[in-house]
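This report covers selected local features of one chain. Please read it alongside the sequence and the coordinates.

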Amino acid sequence: MSSPFTWREVAATEGRVVAPDERLPWVQTGFMGVQHVIAMFGATVLAPILMGFSPNIAILMSGIGTLIFFLITGGKVPSYLGSSFAFIGVVIAASGYAGKGPNANIAVALGGIVACGVVYILIGAIVQAVGTGWIERFMPPVVTGAVVAVIGLNLANVPIKNMAAGNFDAWMQALTFLCVGLVAVFTRGMVQRLLILVGLILATIVYAVLTNGMGLGKPVDLSGIAAAAWFGLPAFTAPVFTANAMLLIAPVAIILVAENLGHLKAVTAMTGRNLDGYMGRAFIGDGIATVVSGAAGGTGVTTYAENIGVMAATRIYSTAVFVVAAVIALVLGFSPKFGALIQAIPLPVMGGVSIVVFGLIAVAGAKIWVDNKVDFSQNKNLIVAAITLIIGTGDFTLKFGDFALGGIGTATFGAIILYALLGRTKN
């Protein structure tokens with residue numbers, strides 16, 4: 001088997017597709033790596049903040065996780081692993097996080113994230129042995145679409161109830177999602193692809209003018225950035241394993257499987273290379289990366305749609321680009337000044353961005369239904385989707401002794417079980 005670090009160099013001819021086992025000259029590959037870091041940056045940083053995790057460690061672990069994924073898949077699957085939003089709801093539930101500052105119970109959540117990674121690895125091992133057919137039977141598009149939508153809807157209360165202390169903050173949230181919307185609709189090219197990051201920067205500038213300049217709210221505090229060192233070791237946290245947290249968070253593996261499955265199908269369609277043979281290894285790589293991240297204090301990780309978008313726009317699928325991006329992320333992870341910069345973002349601005357992100361997750365679930373032409377004239381599809389959305393959004397909780405299964409968990413398991421039961425009929 002050839003080394004995964006072996007690529008055939010090709011010229012940067014306009015319109016040419018660069019395959020996973022090819023690369024542009026290293027200087028151009030480096031610039032592409034920077035672009036992929038920018039693409040994943042906003043979401044990979046936002047997710048840990050919403051859970052009270054360290055953004056430095058999240059960035060660092062995204063780089064390490066991407067390298068792990070690269071090695072496990074033999075350098076054949078172009079992908080960047082960033083912070084997964086699928087963990088937010090269950091982490092908040094397991095740790096009792098209030099939505100502001102560091103998460104005091106992060107260790108308990110980390111134990112659940114590690115458990116999720118182990119389950120994910122086991123699923124990958126089964127897929128490697130017997131294929132993906134069984135996954136597609138248990139998780140058809142009506143199920144995966146409903147569960148993905150629930151992840152966004154279940155989180156709606158976090159920014160609206162916990163990230164706006166007063167009327168001014170609520171207006172700043174509204175201004176923030178308006179900025180993101182304007183960038184999304186009225187810009188083009190890479191600026192449009194970075195709509196979350198650019199919208200956040202614009203809203204932060206307006207916030208600073210209104211607060212620091214006009215005294216209308218809590219001013220932006222930049223003193224932490226000036227005091228932070230350029231380079232230093234992040235504050236790692238060891239996981240603590242409790243049954244409740246592990247049983248609550250481990251089912252997220254099902255969502256990660258659906259995300260990864262969709263990622264490989266998308267890259268297969270774009271490159272014309274069938275990657276089904278790497279499905280099991282992709283699951284295992286993502287699972288190991290999640291275990292390593294959780295063991296050090298980071299979030300669970302997943303393959304990133306943002307980076308698929310960059311590949312689609314550039315037609316460059318070289319895995320060398322992702323090695324470069326991973327190394328850049330490693331460097332950023334060891335910069336306390338970078339972490340202080342992220343922490344200086346005003347909470348209402350982050351809340352406004354969160355509203356957009358959670359809404360996009362919910363819509364992504366609906367898009368799965370549309371793309372797969374889910375037939376809602378069939379009662380089984382209609383009932384599965386309807387019940388899943390409501391119990392997930394309403395945070396329907398089932399208790400088994402001391403263990404409580406929250407909204408996302410009940411929605412996930414409920415959708416799978418309900419479809420299996422109702423799927424026995426023709427309608």
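V331 counts as partly exposed, because its relative accessibility of 46% falls between the limits of 20% and 50%. The model is a predicted one. V331 is found in helix α16, which covers residues 319-333. The residue also belongs to a nonpolar surface patch of about 770 Å², made by W230, F231, L233, F236, V327, V331 and F334.

T132 is buried, since its relative accessible area of 15% is under 20%. In the chain, T132 sits in the loop between α4 (106-130) and α5 (133-138). The C-alpha atom of T132 is separated by 8.2 Å from that of G280, although the two residues are 148 residues apart along the chain.

| Residue | Relative accessible area | Class |
|---|---|---|
| C116 | 0% | buried |
| C179 | 11% | buried |
| T132 | 15% | buried |
| V331 | 46% | partly exposed |

As for cysteine pairing, the number of disulfides comes to zero, where a pair would need sulfur atoms within 2.5 Å.

How many residues does helix α18 have, and what does it reach from its first C-alpha to its last? Helix α18 (residues 347-371) has 25 residues and reaches 35 Å, close to the expected 36 Å at 1.5 Å a residue. Just after α18, K373 adopts a positive phi of about 50°.

Notes: Residues numbered from 1 in each chain as written. Predicted model: local features only at pLDDT ≥ 70, side-chain atom pairs only at ≥ 80, totals over all residues. Heavy atoms only, no water. Helix = DSSP H or I, 4+ residues; strand = E, 2+ residues; numbered from the N terminus. Buried < 20%, exposed > 50% of the residue type's maximum accessible area, 1.4 Å probe, protein only. Expected span 1.5 Å × (residues − 1). Patch = residues over 30% accessible without salt bridge, like charges linked within 9 Å, V, L, I, M, F, W, Y side chains within 5 Å. Areas by Shrake-Rupley, 256 points an atom, 1.4 Å probe, with all protein chains shown as cover. Salt bridge = Lys/Arg side-chain N within 4 Å of Asp/Glu carboxyl O.
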